[in-house]
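Please read it with the model open beside you.

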Amino acid sequence: MAAAVPGLSRARAAAAALLLGCCCCGAALTGGVQDQAEQFFRSGHTNNWAVLVCTSRFWFNYRHVANTLSVYRSVKRLGIPDSHIVLMLADDMACNPRNPKPATVFSHKNMELNVYGDDVEVDYRSYEVTVENFLRVLTGRIPPSTPRSKRLLSDDRSNILIYMTGHGGNGFLKFQDSEEITNVELADAFEQMWQKRRYNELLFIIDTCQGASMYERFYSPNIMALASSQVGEDSLSHQPDLGIGVHLMDRYTFYVLEFLEEIHPASQTNMNDLFQVCPKSLCVSTPGHRTDLFQRDPQNVLITDFFGSVRKVEITTETISLDRDLTGFESKFPEDELATEPLKYAEQLPVAQIIHQKPKQKDWHPPGGFILGLWALIIMVFFKTYGIKHMKHVF
Amino acid sequence: RGMAAAAVLLLLLLVAGPVPGRAGAGRERRDALREELLLSPLPTGDVAATFQFRTRWDADLQRGAVSHYRLFPKALGRLVAALGVRELHLALTQGFWRTRFWGQPPLQAPAGAELWVWFQPTVTDVDRAWKELSNILSGIFCASLNFIDSTNTVTPTASFKPLGLANGTDHHLLRYAVLPREVVCTENLTPWKKLLPCGSKAGLAVLLKAERLFHSSYHSQAVHIRPVCQDASCLAVSWELRQTLTVVFDIFSSGQGKKDWSLFKMFSRTLTDACPLASQSKVYVDISPKNKEKELLEVTPPPTSVHEAVVQGDKKTYAVYDLLSPSLFNTSRSLNVQLKWKRPQDSSEMPVPVLHAQRYVGGYGLQTGDICTLIYNTHPYRAFPVILLETVPWYLRLYVHTLTIITKGKENKPSYIHYQPAQDRRRPHLLEMLIQLPANSITKITIQFERALLKWTEYPPDPNHGFYVGSSVLSALVPSVIAMKDVDVEQSPLFTSLFPSSDGSSYFVRLYTEPLLVNLPTPDFSMPYNVICLTCTVVAVCYGSFYNLLTRTFHVEEPSRGGLAKRLANVIRKFRGVPPL
């Protein structure tokens, strides 16, 4: 009898253990589904924007334009439409008289890849790329007559990618050889964007010499920054093409482009892979990154969160029927009033009319301060010379 | 019972349904697209290709009642309605049309961007509407048209009469601006192609590939919107959108030195079909014989028809390929028009156009200079008038008392002259003159200027490139060699209908001269930095020395006894008999 009781208790213990195990398993299973659901809603953005800036002028800075256009190309390929991209190119390389192949910008030597393409829309070109315009685009303080394609119409659920390239130094980036933007100004602009709720998350990539100095001063939340070189280091260019005669791309962006060519809209590659792009052996400079202001773990941030425009699709099973008959639509126009006499075209060179044209009446302006002062002086001198008694003869 | 009958009638009416409105309420709004391509070999061996896409819509855009756009692009239709635009002409050009060597252009545009607009009389603030219009167009065409402001806008008083229907021409409603520095590239071609009903997917627009179009001597794309007569009686208005693209392929860079051209050689594409939305789609090839000889140009495949017309005062013969005729694509799926010369062309007999002009900057140094314009009238016995419009930026200060017009050694006084002086940083110079050109003469117009010094912040980022002066415009009624009669408008090439002609004895032509590139005295932009460094150094040295002089006091210092090492060394030196440290 003594042996049965421990056996029973052991069985009961085993059953209890089994039950517990089942409960744990069940909990783990439901936890897995919940995890999946959470993953679906992980990133809080609903739309994507990109601001791509090339700040250099002159033919020998061909590579900066090629850098910007290759990022533009990748971003368009992954789904961000032209209406959501603000592309700023400070000089025109494709139709430059020095370009041996007009309307093309190449990124690989031997002219393999034309990053300019046939469907490019440049929003700010040539002299319009200034520090003032760039900051106005970011902060939204734009004159009211600016067209839509030149505005950054982001909201608080937008993920924005900002890519800048050009010549820079410790704490500044040079715009078109005539002005600079400092890292303090840039940090303040991002803070203004944060306070106006113009972004959900921001990815800032910069490919210039001493690029890491540009993100040192950021203090707004949800910003992740990458740079091609540390303070004190120069970013180097990749390879020249002997036919075109200049360097075609910078090293960091060249390897970033190579990395992005393998990304497709459904890929799950995360930011940690982007941080590994271009180690010192390939880039000669040390790329840097800054993630302390970013809420999420870079491990969980997908590349397509910033470079692509991945939409969440809801499928519905209702049927919607469209009206085939459109004739009723056309008949709503009001009746045209016909002119009573035939209209005519204007004569292109009416010589007689032009010769006898009355000259435009110049608008009469009241005399300005100088003329009034001069006349007052003359009158005063006259009366002082000849005495005040002449006044009654004048008036 | 009456009530019951009325009720029954009412019920019947309700059941029968709504009575159709009065007959004729709202005619069909017809819109039509005509596309054509004109290939004309030029005397120098190059070939010019002109595309014209004309969308015509029988709706009154000004009334604002339109909401259903079919072929007419909505972006431009809304623009015309919202801003009260009567006529709009925008051209973006790269290169220069060499009238002397290539002949009269079908439609010329100045280098850079040119925009001229006639507003409706109902617009009260024309300047505000002009500014808004240039901003909107800069967004549509990806061009920096937002740089158009009062410093480069003028109001011509005699040129640029409206090309569409007009009743009264008050020149206060006209604005004209040109941006000579504007670059034209694929980003301007892309939105232009998107305005076409078929895009660049069908019809003649498949030939428009940027890589070939910009590898040329002259590339000009334009948009013209104007109201035209709906039919011969001209009682109703319809709106016409005309998109033209002219490109000149160079014999050496595109043609590899050979004069034989084909569509594939020019565009690296061939035509496969017409645009399904087009009511007419034709290719015209100019096979006019030169100097009344037998024709020496051969076209393959054989054309659908041959059409003769008097164009720009001269008799021209065109081989026509109608893409909508079913017989064209019978033998092959694609149409590749080839032009071959039967015998080598004599290069010495190049026809000289009746009117051509050139302009250049004279003088030396960075202070003064002069602008010289030469206008050539090569007609043997006819004289005709020409209006010259010059817009000079304010930083070249013109001296109008030095304006001289000399023809055949004698002074030529213009019949009409309008000069509006510039205001610094506000308005450019405007000079408009109506000059009579005697037969077979050269007229030289000279005016001297002085260069102004700009403020430091007004220089562009590349000031050593120079500053552009926009092209001058010459508008003339050139006498025709052959009298033009009323031709069948439907058959002629489209560009013949752009300039409305009043009589057949002369035709209207608008020519542009070269833009000028002038160097202004540019400062050394590193000087502020140099001055700051130098001043700070001088101040530091002076102040530092002065401060030291005033506050430095001298006092005697006790020599220190020395550390341990020194004392030990002194002891050893005493033993050696050497003087101590």
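1. Two strands are counted as paired when DSSP finds at least two bridges between them. The model is a predicted one, and on that criterion five strands of chain B, in the order 20-21-17-24-25, make up an open sheet whose pairing is antiparallel. The edges are taken by strand 20 (416-420) and strand 25 of chain B, each of which pairs on one side only, and from one strand to the next the twist averages 15 degrees.

2. Within this sheet of chain B, strand 17 (residues 384-392) and strand 21 (residues 429-437) run antiparallel and are joined by nine bridges. If you want a residue pair by which to find this pairing on screen, take I387(B), which stands opposite L434(B) in strand 21 of chain B.

3. Chain B is divided by the domain assignment into domain 1 (32-341), domain 2 (355-485 + 499-518) and domain 3 (524-550). Between the C-alpha centres of domain 1 and domain 2 of chain B there are 26 Å, and the contact between these two draws 36 residues from domain 1 of chain B and 36 residues from domain 2 of chain B.

4. Sorted by class, the lining of the largest cavity has 13 nonpolar, eight polar and two charged residues.

5. The second largest cavity holds about 100 Å³ of space. Its lining has 13 residues, and nearest the centre lie L89(A), D91(A), D92(A), R125(A) and E187(B). By class, the lining of the second largest cavity has eight nonpolar, one polar and four charged residues.

6. Strand 2 (residues 85-89) and strand 3 of chain A pair in the parallel sense over two bridges.

7. The sheet of chain A is open and has seven strands in the order 3-2-1-4-8-9-10, with mixed pairing. Strand 3 (124-125) and strand 10 (288-290) of chain A each have a single partner strand and stand at the edges, so each has one side without a neighbour in the sheet. Helix 5 (residues 251-261) of chain A lies across strand 4 (158-165), strand 8 (201-207) and strand 9 (223-227) of chain A, and runs at about 130 degrees to strand 8 of chain A.

8. Two backbone details in chain B may deserve a check. The peptide bond from T300(B) to P301(B) is cis, with omega near -5 degrees, and P301(B) sits in the loop between strand 11 (297-300) and strand 12 (305-311) of chain B. S268(B), although not a glycine, has a positive phi of about 55 degrees, and its place is in the loop between helix 7 (263-267) and strand 10 (280-286) of chain B.

Notes
Residues numbered from 1 in each chain as written. Chains lettered and ligands numbered in written order. Predicted model: local features only at pLDDT ≥ 70, side-chain atom pairs only at ≥ 80, totals over all residues. Heavy atoms only, no water. Nonpolar A, V, L, I, M, F, W, Y, C, P; charged D, E, K, R; others polar. 1 Å grid on protein atoms, 1.4 Å probe; cavity = no way out; pocket = protein on both sides within 12 Å on 5 of 7 lines; lining within 4 Å. Points joined across faces, edges and corners; volume = space filled by probe spheres on them. Helix = DSSP H or I, 4+ residues; strand = E, 2+ residues; numbered from the N terminus. Contact = heavy atoms within 4.5 Å. Axes fitted to C-alpha atoms, helices over the stretch in contact; angles between N-to-C directions. Domains from an automatic or database assignment.
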